[in-house]
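Open the model in your viewer and get your selection tool ready. We will go from stop to stop, and each one tells you what to pick and what you will find there.

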Amino acid sequence: LSREESLPVIGKLLERFERDGFGQWAVVLKETGRVAGYCGLKPYGEAREAELLYGLAKEHWNAGLASEAARAAVTACS
């Protein structure tokens, strides 16, 4: 997304953090500081449940990033 397209998305994510106490983060490569994708929790249904969401650029699939990010997201929200 362009910067202009990204700003409303970021705004919604920040609102979700304020409202629910959790949301999604960028997955950043330690080695380069480059964004590889996103991961986090999103409210699910009417109950106080959450679903885990993640998305990674295809070049980063099968490297363990999704598992590492999921553990970090669940731990941060516990």
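## First stop: the largest pocket

Select α1 (3-20): this helix (helices are DSSP runs of H or I, at least four residues, and strands are runs of E, at least two, numbered from the N terminus) gives the largest share of the lining of the largest pocket, six residues. A pocket here is an open set of points on a 1 Å grid over the protein atoms alone, where a 1.4 Å probe fits, with protein on both sides within 12 Å along at least five of seven lines; lining residues have an atom within 4 Å of a point.

Before going on, note that this is a predicted model, in which local features need pLDDT of at least 70 and side-chain atom pairs count only at pLDDT 80 or more, while totals for chains, interfaces and linings use all residues. Residues are numbered from 1 along each chain as its sequence is written, and side-chain values use heavy atoms, with hydrogens and water left out.

Among the 13 residues of the lining, show Leu1, Val9, Ile10, Leu13 and Tyr38, which lie nearest the pocket's centre.

## Second stop: the strands

Keep β1 and β2 selected: they pair in the antiparallel sense over five bridges (pairing takes at least two DSSP bridges). Pick Trp25 and you will find its bridge partner, Cys39, in β2. Then move to the hairpin, with six residues between the strands, where Gly33 takes a positive phi near 80 degrees.

Which residues make up the largest nonpolar core? Select Val27, Leu29, Ala36, Cys39, Leu56, Leu65, Ala69, Ala70 and Ala73, nine residues. Such a core is a set of buried Ala, Val, Leu, Ile, Met, Phe, Trp, Tyr and Cys residues joined through side-chain atoms within 4.5 Å, where buried means under 20% relative accessible area with a 1.4 Å probe, protein chains only. β2 and α2 each supply at least two of the core residues, and α2 gives the most, with four. Centre on Ala69, which touches Val27 and Cys39 (heavy atoms within 4.5 Å), not counting residues up to four places away in sequence.

## Last stop: the second largest pocket

Stay with Ala69: together with Ala26, Val27, Val28 and Glu68, Ala69 is among the closest to the centre of the second largest pocket, out of 14 lining residues. To finish, select α2, which gives the most to this lining, with six residues.

Note on methods
Buried < 20%, exposed > 50% of the residue type's maximum accessible area, 1.4 Å probe, protein only.
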